[in-house]
Every structure is written in structure tokens, then in C-alpha cells.
Amino acid sequence: MKIRYFFYISLFLAVFGDWIANEKPFFCRYQGKDYFPLFEAPFVKLGWKQWPEAFQMGSWIELQFERKVNTLIPYSPETIDRNNLGLKSPFDIQNTNSLWSRHWMGTDRIGRDVLSGWIRGFRMAASVGFLSVVIAGILGIFLGGLAGYYGNDRFRLSLWKAVILFILIIGMFFWISLGFESNWESKPVIYWLLIWVLLGICYVFLPSLGRPRMAIPIDGFIGLLIQAIDAIPALFFLLALLPLAKNPDLLDIVLLIAIIRWTGIARLVRAAFFKIRDLEYIQAARLLNINHFNICWKHILPNVMGSLWIIFAYSFAGAILLEAYLGYLGIGMPSGTISWGSQMQQVRETPSAWWLAVFPGAAIFMSLFSLQRMGELLETKSL
Amino acid sequence: MLTYLSKRISTLILSLWFISICLFYLQKNVAGDIVLLQSKARSNGSFYIHPLAAEKVYGAEAVRLNLHKPLFYFSLKSALFPDTFYRIQYPEAIKIQKKLLFQTGNWSLVQSYYQSLSSFYEKVSQLENKRLSIFWKERLQKIAYLDDLTAINANLSVSKEMERPFDAEIRKVKGIINQLSKCSPSFFNFFPVPKWYGFENQYHEWFVKIISGDFGTSTRDGRLVKDKLKEAIPWTLWVNGLAIGFAYLFSFPMGILMALMPKSIWTKWLNHFLLALYALPAFWIGSLLLFQATLPGGGFSFFSISGWTFYQQNGGFVNQPVPFLLQLSLPVFCMTYGLAAYLTAYMQSSFQKVLKEPYILYARTKGISQFRLYFRHVLPNALLPQIVFIAGVIPALITGSVVIEVIFNIPGMGRLLIDSILSQDWSTVYTFVLLVSCLTALGLIVSDILLVISDPRIRFSSTKNEGS
């Protein structure tokens, strides 16, 4: 498994990227005083430490120091190098002092270093992929498990409990709309919340009078939801939902990707739960009076995890690709975000800037390839 | 089989209906105030109405655009809202009246407060004295945006000289405010009351229009959405159709060959290569190819970057088939290779799976010819999963073709979508998304039908609850 090393390198770059590529030097001597800007920056931000004015005003690369020790790449992803504006290729004659401060992957149109942006891209891809997979995993396992475990006919309620459940669901919508229309702290909203909570307590703790006869088709509802989301192609879904957030930030994008991606996980979990719930050991567990949650959590889910890791790997890859699409199209990404996709965006206008396409694209390819390879390896292992 | 299919189709239609509701609400929420936008566009951006005179101007415009109806078939609102609350059109007025309503809980008083303010404004606007009328207009505008009763009262009291011409009106408004400040909502005012509006609502009209093929006009350039789609669809069909065709053409023989020699070193390497090919992002390869095509001596002389409009105007395939296909070659290549790689691996694995079945062993022992074994007994069974796969491919392809069309500037559906989003033409965007999801759903149904026809196991076991 050689792709393991790619993951190690990516993880290292994602975590320590800011210490590898940063305009702030490790150490510098300015006007006779010693500073450690890279490590002091967070303290200065919190107001615990003071810096000379020049540090806060100008850009670091233009400051004159008596002595300094730079990071490996002396540019932050956002640093604008005014000496190398306008798409300097890696092989061009660059207007830099030394070999150390050369732009090894060139610069983009406004003079930002491509290499340090490329390193930032690892963090972007990793965080978008990881967070969206986690959220999609939680959603998918929960809803898919519900649908698979109860199916259409196993979740039965007595009549009055079903009525209370119905009121609870409608009441939740009503309460939320009331809160948005008036004010979350206003009295009626709080009254309604209290009533809702009381009803919920009634639902949970009061005995079900009479025989549980009403079957709630949980599988039907969730299946409908899955079908509806799957009917819309992923990118279209993303592009249609993005304008809802007026100024989308990265978390919005992560959430939207998760909303798209949970259906695949839910399908798998549903099918597996559906198969496992009738096996003998589950029936035995039920005879031992283990509650439903523990049956699902401790006895069914561990058996599904093997195939879940595979789909997590593929979902991770899918999330990275979707994020790259968004950055490339320039829609929805918050302005100033630097990721592989947004680096490639400039190629759309100037196709001749090959270095803006080659390096980020190679990184996307490598991450997709390694994730898919990992999924495949897991698949063969689990068979 | 029929029960299975009918169940499947009915749930699909239900989910499409669900999607259409969601998209309608999205459109309403995202698009912003269409009336204001259009009025602004018509008066070159300098559109202003006094909040108290707005209801008339705005209401008329809203009726013209069919926005004066309730949003949906029913609603669930607090009891303190009147039946006809949706008739108020001006958004600011809705906001303020809602706030007053939540504070006081008395609709008739709020209504009469607003009416008395409006009549006050009318009287002010008839006034000859310019200084006075400007002063009161500004003052009333300020008051109309206030929801704090004491602040309203304070704003109404000015110098005697200013108040004199409108003594009666001010007294009336102050009286109503006095009454309002005594009111407070009781708990039962917030009881949810369901209301049924019937079929005279905005969603119903929108939906019926779309069902009957009238997609409306674009809010940006006023062109029919239908015309825009008609121009765009052939391009997307060309690119996607060619990509699917080539991918299957490549992957079937390749997959079968690889399945027949599982131990060859070629197969092993090809498998690695295919996985890498599948992971290659098409938009990356696309941009690199485009870079190569822009080089003067790059070897892509057959591809002209600005050539699409030429083919768009001159009939494309019909008039110049060869240059047209050459022009399409780069985007089609970008879309084909990933799909082909995936399909080859898929074909290979399904072929191998069938080869391991016991009935193949039996056929071998019976001594039938290799050719007959592979093409009569293995291939039909190996093709089965491929059929189902086509439907799953289509949405992924449409997603991929968005980016490819943007890169190569093809005036297809994806480019139309991106352009509409960038120019905030939301009616086009959401109609479009609905259409694409309908197409996808149709593809899913078709693949289901094909599957049911080809696989008797599904045909006969369909009455049971399907597990996967």
C-alpha cells in the first residue's frame, strides 16, 4: 500500500501547511530587536503581545530586516508579490532576490505564489472532504438505519401516540416559522416551545394505551426523500441551493455537499440493516430485552462498518471533486478562498497559464486517485 | 411486475412533485423582490415609492405579474393572522404589520392604523404648501417603518404650527395607537389554524404552466425559456450521446478481453491504468487540452476555440459534418475517457462473475464451443448490470458536461445554467433544474423497466418487499 504515503504527506501539508508556506519568517531582527513572527502572530492577534507598526501595516516580503530566517516558502497564499504580477511562469525570469524566494510554481494574475496556495489547497480539500463525509455519515447512518431497521411495518404506535407524533411534527414546523416571523425570544414562541416539549415528554413517558396498531411507513418517507435528492444531478443541486445562503462560507458548502452525499450512505445502511435485522442473533438480542437503540448501535452497525468505510472513501473523493468544480466555476466560493479549484479558475480566461492548471489539477488527481484506490483496496479486503 | 413498476413510478412522481415544491420555494426565496426589480429595470434603476403610497403602485404591478395570490394550497398560521393577510403586497408593509400584529394581537386595529396613516399621507400629498408637505412626507415615511408604538407617538408630535392643518388625522392616528398600546396578544391568538386556499394559488399556476410546456420568460432578457432550452439541448445531447456511445464501444470489447485473460500482465497493468484514468478530473484534462489548442503549432489546428457560434448559426452537423465532429472531438474525449474506464472495469468484473457460475462449468463439460459459451451464455448475463448502469450514468454525465461546456464554451445546457446563475436569472435556473431532474427520473424508470424485463427473478419476486 504505497498510497499510504500520499495520505501521510497530504495530512502533514494540511496540518502544518501554514508553517511551511508563510510570509512571516521564523525569526527576524528588526531595529535591533529579535522577533519570532510566525509563532507570535496568534498572540498578537489576541492582544497579548505588541509588534512594531511596520509589521502590521506593510507586507512582510517588502520589509527590510537586519537578519531573518524564512520559512521554506516565504509567501502566504494571500501574499501579493508586487514584483511578480501578472502570471509569471515557473521558468520565466522572476524578479526575486534569491533562489529561496523564487516562485517555484509561478504566480497568478495578482501576483500570489501558486506553490503556497497549492499547499493551502490540501487543507481546503481535507477539511471539506472530512467534514462533509462526517456530516453525511451521521445523516446517512441515522436515516438509513431508521428506514432499514423499522421498514414500513415495524414501527407501530397506538392511535393516540400516533396523533401526538403527528402534532409534534407539525408543531415543530409551526414553531420554527413562528420564531422566524416574530422573534425567537418573544413570549408566544417560548410558550409554543414549552408546549412542544411537554408533548414530547408525554410521547416518550406515557404508556401507549391500547395495542400499537398504526404502522408508520418510515421507510416510505425516507425512501421518497432519498429518491428526490438522487433525481437531481449533484452539481445542479449544489448550484440551485447555494444562492439560498446570501454570502456562502465554507461551512455552507460543506453542509450542502453533505446533504447531497448522505443518500448513498443511507441506501447502503438501509439495505444492510434490512438484511441483518431478521438474523437469529438479532432475534436473540431482542428476546434478551436489549433496547432498539443498542441493537442498532452495538449489534448491527459494527457489521455494516466494513462496507461503510468504502463508501466513505468514495464520498471523500466526490466531495473534493465537487468543491473543485465550484472553485473552478467561481460560483458560491467565498471570495478570497484559495483552493485547487479556485486556482484553476484563472485558466478559464487565460488558457496559456499552464502552471495554474497543471499543479492544482495534479493534486486533485492524486487525491482522487488515492482515495478511489483506497476504496478499491478496502473492497477487495472485505470480500 | 406491474405492481412493482406502478409502485416505483408512483413514488418517483411523488418525489418529483416534492422536488417541484422545494424548487418553487427556493425560487421565491432566492429571486428577491421581482416587482421591485422589474420596476427598477424599467425606470433605469432610480425607482422610489413612498411606503404609504406603495400598496397601490406595487399592488397593481403584483397583479400584473400574478403575485397577488396565496403561495400554496394551504397554510398553517397563528389565529391572529386574518384570512386575507396574503393580499398585502408591499414587503415592508407586510413586515411592519406583522410586527405590530405580534405585539398587539388585534388585526382590525392594526389595519385601521395603517389605513389612517395612508389617508393621512393622501391628504398630505394633496397639500399646496410645499414645505409642510415635504416635512410630513418624510415624517410619515419614518413612521411607516417604525414598529414601536411610543416611538410612533413621539414622531407624530411636532410643533403646533406644523400639526394644525392635519389635526383631525393626527388625533385619529394617536387614538388608534392609544388603543393599540392597551392590547396585548392572548395565548390563544397564537393557536395554529390551518387555512385552505384552493387551487387559486401561485404554486398551482406555476406547476400547471410547466406541466403544459410553458416555461415562462427569463427575467433577465425577456426571452422565452423554452427557446433558450431548445437551442441548448441539442448541443448537450450531441456531447453526451457521443460520449456514452464511444465509452460503450470501447469498454465492451476491452472489458470482455480483459475478463478472458485475467492472469495476463497486461490486464493487471491495464486495471491500474483504468483506475487512474477514472480518477483524472475531466476539467483538468479539458483545460490542458485547451491550452494545447491555443498554441499555434500545438497540433490542434482542426479545433477552433471560437468556432461554436459559427456552427450554431450554420446548422452544424447537417452542413459540415466532418469539421463539426472534429470540433466536438476534444470535449467528447474529455467526457468519454473517465466513463470508458469505469465501464471497462465494470464489464470485466461482471463478465468474470458470470464465468464463475456453475452453469458455465456445466456448459464447458458438455463441450460447447468457446464462442458459443461466451456470446450465448455469458454475455447476456454480464450485460444485465450494464443496462441498469446507463441510467445512473446520465445524471453524472450531465453534471460533468456542465464543466466541460464551460471550458470549451459550448452553448449547451450546462453553459446556459451557469450563465443564468451568474446573471441571477432564477426563473430559468429553477425551471431548468426541475427539467433535468425529470429527465433523470425518467432515465431511472426506463432502466427499471429494462431490468424488470430482462431479469425474471425481479419479475416474479416483486410482490415481496424488496431489500436493496
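I took helices and strands as DSSP runs, helices being H or I with at least four residues and strands E with at least two, numbered from the N terminus. I worked on a predicted model, where local features need pLDDT of at least 70, side-chain atom pairs count only at pLDDT 80 or more, and totals for chains, interfaces and linings use all residues. Residues are numbered from 1 along each chain as its sequence is written, while chains are lettered from A and ligands numbered from 1 in the order in which they are written.

I looked up Gln31(A). Gln31(A) sits in the loop between β1 and β2 of chain A. Its phi is positive, near 50°, and the residue is not glycine. Is Gln31(A) buried or exposed? I counted 9 C-beta neighbours inside 10 Å, so Gln31(A) is exposed. My cut-offs: buried means 20 or more other C-beta atoms within 10 Å of the residue's own, exposed means 12 or fewer, and partly exposed lies in between, with C-beta atoms placed from the backbone.

Next I followed the strands. Strand β1 (residues 27–30) of chain A is joined to β2(A) by three bridges, and the two run antiparallel. Arg29(A) has Asp34(A) of β2(A) as its bridge partner. The open sheet has three strands in the order β2-β1-β3 (chain A), with antiparallel pairing. Two strands pair if DSSP finds at least two bridges between them. The edges are β2 (33–35) and β3 (67–69) of chain A, each pairing on one side only.

**Entry: Ala21(A)**

I found Ala21(A) in the loop between α1 (3–20) and β1 of chain A. Ala21(A) has 23 C-beta neighbours inside 10 Å, so this residue is buried. Ser116(A) is 95 residues away along the chain, yet the C-alpha atoms of Ala21(A) and Ser116(A) are separated by 5.3 Å. I listed contacts of Ala21(A), leaving aside neighbours within four places in sequence; among them are Thr71(A), Tyr75(A), Leu115(A) and Ile119(A). A contact means C-beta atoms, placed from the backbone, within 7 Å.

**Entry: where the chains meet**

How many residues does each chain bring to the contact? I read 48 residues from chain A and 51 residues from chain B. On the side of chain A that touches chain B, α13(A) gives the most, with ten residues. By class, this side of chain A has 35 nonpolar, eight polar and five charged residues. Ala, Val, Leu, Ile, Met, Phe, Trp, Tyr, Cys and Pro count as nonpolar, Asp, Glu, Lys and Arg as charged, and the others, Gly among them, as polar.

**Entry: the cores**

A nonpolar core is a set of buried Ala, Val, Leu, Ile, Met, Phe, Trp, Tyr and Cys residues joined through C-beta atoms within 7 Å. The largest one has 153 residues, and Leu238(A), Ile320(A), Val403(B) and Val433(B) touch the most other members. Helix α11(A) gives the most to this core, with 19 residues. A second, separate core of 24 residues includes Leu178(A) and Leu80(B). I then checked Val403(B). Not counting residues up to four places away in sequence, Val403(B) touches Tyr325(A), Tyr328(A), Leu329(A), Ala282(B) and Phe283(B).

**Entry: helix α4 of chain B**

In α4(B), I marked Gln97(B), Leu100(B), Leu101(B), Phe102(B) and Thr104(B) as buried. The buried residues of α4(B) pack against α5 (107–126) and α9 (167–182) of chain B. After α4(B) comes Gly105(B), with a positive phi near 75°.

Note on methods: Two residues are in contact if their C-beta atoms, placed from the backbone, lie within 7 Å.
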